Amino acid sequence: MKLLTLNVHSWLEIHQIPKIYELAHFIVSESVDVVALQEVNQFRHSPLAGEPQRFLGGNEQPIRQDNFALILNQFIAELTGHSYYWGWAEAHIGFDRYDEGVAVLAKRPVARIEMVNLAPSYSYTDVPRRVALAVQLGEEHQGVWVVSTHMSWWQREGVRYFEKEFRQLDAQIHQLACGAPILLAGDFNSPAEVRGEGYDLITSMGWIDTFTTAQKVTGEATVHKPIAGWDALVAAQQRIDFVFSSTDLNVAEHSVIFPDNDPTVAISDHSGLYLDINL
């Protein structure tokens with residue numbers, strides 16, 4: 001199974017449409033089976049999209065014509081003649097103009113899709129509201145669950161968001177999976193090298209960082225310059241995007257893809273992760 005995860009920073013990038021097409025071309029050329037995306041935005045007052053092809057749900061806000069995942073899927077269909085199955089779940093209003101959320105696209109039909117609310121005490125207008133989108137793949141992928149998530153920082157303005165969010169995610173996804181393998185993919189906003197915070201919490205709860213178990217590893221950091229939320233980044237290199245597994249899977253390849261340090265050509269302000277997993 002080939003998996004791609006990327007925080008796409010959508011509609012905040014220059015040359016956005018060519019960059020969406022570049023992403024679609026990579027997905028098609030590599031025959032990626034499942035794609036987990038974060039910061040998947042749409043403008044809040046754009047025209048509605050109607051009933052998008054192969055849309056599975058996960059959302060409460062309606063899908064609009066400039067939804068990043070919708071346009072990406074349209075480009076995939078132009079390149080291949082068919083679109084991916086996909087879902088989108090909105091987390092909160094971003095920058096007062098976007099419905100911001102997470103998405104999953106799957107090459108083959110999926111068995112189930114569920115939105116997981118990581119911060120149920122917050123409303124849609126609160127930026128701390130975070131969600132994950134979980135899909136269960138079909139029998140050819142042994143019923144594996146793939147989850148796209150975008151977590152808060154460990155602590156912000158004295159409030160420890162991350163731990164509450166992750167415990168919500170851990171409990172709900174294990175209940176959904178009923179023992180099936182799980183892959184948590186996304187932007188966790190928690191550097192791997194920082195002790196006593198999010199990364200240590202995740203691994204202490206039994207989750208396995210596929211970076212540490214892959215047979216072939218290419219690249220490490222996924223952010224190579226200061227970005228929103230990490231403006232004080234000094235070293236300008238951090239590994240904050242991950243794919244964690246609930247069980248020790250046979251990961252043949254774990255690669256950092258898409259350079260993120262040149263805004264004119266970079267697809268996003270994050271690099272992506274590309275995994276090849278033998279199920």
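Where does Tyr 85 lie?

Reply: Tyr 85 sits in strand E4; strands (E, at least two residues) and helices (H or I, at least four) are DSSP runs numbered from the N terminus. Before we go on, this is a predicted model, so local features need pLDDT of at least 70 and side-chain atom pairs count only at pLDDT 80 or more, while totals for chains, interfaces and linings use all residues. Numbering starts from 1 along each chain as its sequence is written, and side-chain values use heavy atoms, with hydrogens and water left out.

So who does Tyr 85 touch? Not counting residues up to four places away in sequence, the list is Arg 54, Leu 56, Val 104, Leu 105, Ala 106, Lys 107, Arg 108 and Pro 109, where contact means heavy atoms within 4.5 Å. Asn 73 is 12 residues from Tyr 85 in sequence, with 8.7 Å between their C-alpha atoms.

A core here is a set of buried Ala, Val, Leu, Ile, Met, Phe, Trp, Tyr and Cys residues joined through side-chain atoms within 4.5 Å, and buried means under 20% relative accessible area, with exposed over 50% and partly exposed in between (1.4 Å probe, protein chains only).

Ala 77 is found in helix H2, but is partly exposed at 23% relative accessible area. Outside the four places on either side in sequence, Ala 77 touches His 82 and Ser 83. Ala 24 is 53 residues from Ala 77 along the chain, and their C-alpha atoms are 9.1 Å apart.

Over in strand E2, we find Glu 39. This residue is buried, with a relative accessible area of 13%, and its phi is near 55°, a positive value in a residue other than glycine. Gln 142 also has a positive phi, near 60°, without being a glycine; Gln 142 sits in the loop between strand E7 (131-137) and strand E8 (145-150).

Glu 114 is found in strand E6 (residues 110-117) and counts as partly exposed at 27% relative accessibility. Its contacts, again beyond four places in sequence, are Ala 132, Leu 133, Ala 134, Trp 145 and Leu 176. With Leu 133, the C-alpha distance is 6.0 Å across 19 residues of sequence.

Thr 210 lies in helix H5 (residues 210-213), and at 0% relative accessibility it counts as buried. Thr 247, by contrast, is in the loop between strand E12 (241-245) and strand E13 (250-257) and is partly exposed at 34%. Sequence neighbours within four places aside, Thr 247 contacts Pro 181 and Ile 208. Ile 182 lies 65 residues away from Thr 247 in sequence, at 7.5 Å C-alpha to C-alpha.

Zooming out, the chain has 5 helices and 14 strands. The radius of gyration is 17 Å, close to the 19 Å that the globule rule gives for 279 residues, so the chain is as compact as a globular protein of that length; the radius is taken over C-alpha atoms, and the rule is 2.2 Å times the number of residues to the power 0.38. Along the principal axes, the C-alpha atoms fill a box of roughly 45 × 40 × 35 Å. Of the 279 residues, 57% count as buried. And among contacts between residues at least 6 apart in sequence, 70% join residues at least 24 apart.
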